[in-house]
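Visitor: I'd like to learn how to read helix packing and charged pairs in a model. Could you walk me through it?

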Amino acid sequence: MTMELTKYIECEARALTRADLDRLVVDLPALRDLSAKIPLGSYAYLADQIEFLCRFVEENLVRQNSDIIDDVVAEAAFALSYFQRHADLIPDTIPHIGTLDDAMIAGMVLRRHEQTFRRSSHAYLLRKPDREFDVDDLLSVIGPLRVTSFCAVSGSSERA
């Protein structure tokens, strides 16, 4: 299942256009406001992770003048756009577990590119959570079939 979610992240990140990224940059203040409302007891480091990803994406997109977007920047942007979505694997309105999938996607992206992120001027925001969320945590809440279906449907419908 981890491989399927990794492929989903890669595919969705590659599908982002420069216009998508420009809209995301405009939405960063609202996204930061949203991350400030994360319940600290359940996801203590998620707000810092989202803030780091916001700064990383913003810094890298301002420097890049071309339409070719680096894979790491694209995946960081995808993690932010996933966090911003209303329709994702676990609806954010479900108390205590609604942002589990958001934490997992952000965590996967951060782990996949940890060395690159550690070289960022904003790396001080990257503290390791006491407990990282992984696919097993996600599957304990939703079934593998739902993850598979969501990745297939979400990936094809958002590009349509």
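Guide: Here we go through a helix pair and then some salt bridges. This is a predicted model, where local features need pLDDT of at least 70, side-chain atom pairs count only at pLDDT 80 or more, and totals for chains, interfaces and linings use all residues. Residues are numbered from 1 along each chain as its sequence is written, and side-chain values use heavy atoms, with hydrogens and water left out.

Visitor: At what angle do α3 and α4 pack?

Guide: Two packed helices are described by the angle between their axes and the distance between the axes. Helices here are DSSP runs (H or I, at least four residues), numbered from the N terminus. Axes are lines fitted to C-alpha atoms over the stretch in contact, and angles run from 0 to 180 degrees between N-to-C directions. In this model, α3 (residues 46-63) and α4 (residues 71-84) pack at about 130 degrees, their axes 9 Å apart. That makes α3 oblique to α4; the cut-offs are under 35 degrees for roughly parallel, over 145 for roughly antiparallel, 65 to 115 for roughly perpendicular, and oblique for the rest.

Visitor: Which residues of α3 and α4 meet?

Guide: Contact means heavy atoms within 4.5 Å. On the α3 side they include Ile50, Leu53 and Phe56, and on the α4 side Val73, Leu80 and Phe83 are among them. By class, the contact has 14 nonpolar, one polar and no charged residues.

Visitor: Now the charges: how many salt bridges does a search of the whole structure find?

Guide: Side chains of opposite charge can pair when their charged atoms come close. The criterion is a side-chain nitrogen of Lys or Arg within 4 Å of a carboxyl oxygen of Asp or Glu. The search finds nine. In one of these, Glu10 pairs with Arg112, with the closest N and O atoms 3.0 Å apart. Glu10 sits in α1 (residues 2-15) and Arg112 in α5 (residues 100-112), so the partners are 102 residues apart.

Technical notes: Helix = DSSP H or I, 4+ residues; strand = E, 2+ residues; numbered from the N terminus. Nonpolar A, V, L, I, M, F, W, Y, C, P; charged D, E, K, R; others polar.
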